[in-house]
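This report describes the fold, the cores, the ligand site and several individual residues of the model shown below.

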Amino acid sequence: MFESLQERLGDVFDKLRRRGALSEEDVSAALREVRIALLEADVALPVVKDFVEGVREKAIGQEVLRSVTPGQMVIKIVNDHLVETLGSEHSALNLTTTPPTVIMMVGLQGSGKTTSCAKIAMRLTGKEKQKVLMASLDVRRPAAQEQLRVLGEQALVKTLNIVPGEQPVAIAKRALQSGALEGYDVVMLDTAGRLAIDEELMAEVAAVRDATKPHETLLVADAMTGQDAVNVASAFQEKLGITGIMLTRVDGDARGGAALSMRAVTGCPIKLLGSGEKLDALEDFHPDRIASRILG
Ligand code: GDP
């Protein structure tokens with residue numbers, strides 16, 4: 001992830017580093033390269049425009065042209081602005097002080113939602129010593145509930161027993177009841193996905209949200225989706241009000257664009273990264289680390 005963006009900006013910044021004095025045109029030329037690099041990394045156009053404008057304003061405000069090492073200063077401004085746009089600090093999952101915490105997983109089918117649900121549950125159960133219950137609310141995709149059960153076995157996490165024919169809201173309520181009665185710290189609800197956003201899906205998930213009042217609504221999105229990531233993120237944000245994002249498949253050759261766009265468009269923190277198919281392939285999202293990876 002991010003490699004090509006890094007290479008690209010690396011070239012620009014190498015040129016800038018070598019030059020002592022910069023003209024305003026040099027800065028503009030550098031920003032043009034930044035713009036192209038971001039676009040090539042699949043960052044959405046409005047986000048790119050805002051980003052470049054933000055950097056330009058800061059560069060002018062800080063009198064880059066008159067500074068001793070203008071190239072370095074532009075690099076620092078781009079880097080700082082990138083970190084800021086990505087969300088500045090690592091943002092952890094919202095866990096309540098009055099359990100059970102309800103975490104609702106939402107996203108398109110195939111985004112890695114069910115796998116991510118199990119990954120998070122395994123981490124909470126293991127490292128964080130939480131008692132976790134998972135429930136699949138996906139009654140449409142054949143075997144979805146069974147898939148979560150199998151993952152639960154692998155992750156040593158309890159899953160709610162499957163009642164054939166039960167509908168999503170009823171399953172969710174039953175999960176919360178079990179969660180409260182049996183002393184669970186966290187109840188994770190894995191909602192159904194679709195190949196594309198549709199009203200029916202959103203209405204179904206909204207009904208679950210209203211019935212369960214989740215503390216965390218985590219949008220799971222594939223880092224490979226590129227430009228489309230923005231549409232997905234804003235649709236889920238608008239209809240459901242997400243509280244965080246988990247970006248999957250960062251182990252693939254995706255460009256970094258999705259992370260930057262989704263954060264900028266929703267204003268929600270990217271909390272976690274999925275970096276492989278295995279259940280332990282789960283990483284915290286650190287904006288500063290990602291930014292330095294982007295810029296090299
Ligand atoms: P869902 O339809 O959104 O629930 O998606 P699944 O959880 O069933 O995942 C779809 C496929 O993506 C499965 O083969 C997963 O193993 C795979 N997958 C999920 N997360 C990741 C990830 O972070 N990296 C990679 N390489 N594969 C992933």
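Is Ser 116 buried or exposed? Ser 116 counts as buried because its relative accessibility is 1%, where buried means under 20% relative accessible area, exposed over 50% and partly exposed in between (1.4 Å probe, protein chains only). The place of this residue is in helix 5 (residues 113–126). Leaving aside neighbours within four places in sequence, Ser 116 is in contact (heavy atoms within 4.5 Å) with Met 105, Val 220, Met 246 and Thr 248.

The model is predicted: local features need pLDDT of at least 70 and side-chain atom pairs count only at pLDDT 80 or more, while totals for chains, interfaces and linings use all residues. Residues are numbered from 1 along each chain as its sequence is written, and side-chain values use heavy atoms, with hydrogens and water left out.

## Overall fold and cores

The chain holds 11 helices and eight strands. Helices (H or I, at least four residues) and strands (E, at least two) are DSSP runs, numbered from the N terminus. Of the 296 residues of the chain, 53% count as buried. Among contacts between residues at least 6 apart in sequence, 78% join residues at least 24 apart.

In soluble globular proteins, nonpolar side chains tend to be buried together. A nonpolar core is here a set of buried Ala, Val, Leu, Ile, Met, Phe, Trp, Tyr and Cys residues joined through side-chain atoms within 4.5 Å. The largest nonpolar core has 61 residues, of which Val 106, Leu 189, Phe 236 and Leu 247 touch the most other members. Helix 9 (residues 228–240) supplies the largest share of this core, seven residues. A second, separate core of 22 residues includes Met 134, Ala 155, Leu 218 and Val 220.

Not counting residues up to four places away in sequence, the residues touched by Val 106 include Thr 191, Val 205, Phe 236, Leu 240 and Ile 242. Leu 218 and Val 220 are also among the residues that Val 106 touches.

## Ligand site

Which residues are closest to the ligand? Gly 110, Lys 113, Thr 115, Arg 249 and Asp 251 are the closest of the 18 residues that surround the ligand, counting a residue if one of its heavy atoms lies within 4 Å.

| Residue | Protein atom | Ligand atom and distance |
|---|---|---|
| Gly 110 | polar backbone atom | oxygen, 2.7 Å |
| Lys 113 | backbone N or O atom | oxygen, 2.8 Å |
| Lys 119 | polar side-chain atom | oxygen, 3.4 Å |

Arg 249 has a place in the loop between strand 6 (244–248) and helix 10 (257–266). Its phi is near 60 degrees, a positive value in a residue other than glycine. Arg 249 is partly exposed, with a relative accessible area of 34%.

## Other local features

Leu 156 also has a positive phi, near 55 degrees, in a residue other than glycine. Leu 156 lies in the loop between helix 6 (144–155) and strand 3 (158–159), and counts as exposed because its relative accessibility is 73%. The peptide bond from Pro 99 to Pro 100 is cis, with omega near 0 degrees; Pro 100 lies in the loop between helix 4 and strand 1 (101–106).

Thr 85 lies in helix 4 (residues 70–86) and is buried, with a relative accessible area of 17%. The side chain of Thr 85 reaches the backbone oxygen of His 81 at 2.6 Å. Beyond four places in sequence, Thr 85 touches Phe 51, Leu 260, Arg 263 and Ala 264.

Asp 210 is found in helix 8 (residues 199–212). At 44% relative accessibility, Asp 210 counts as partly exposed. Its side chain makes a polar contact of 3.0 Å with the side chain of Arg 209.

Leu 181, in helix 7 (residues 168–181), counts as exposed at 76% relative accessibility. The charged end of Lys 131 sits over the ring of Tyr 184, 4.6 Å from the ring centre; the criterion is NZ of Lys or CZ of Arg within 6 Å of the ring centre and within 35 degrees of the ring normal.

Conventions
Polar contact = N/O pair within 3.5 Å; in protein donor to acceptor, adjacent residues only side chain to side chain.
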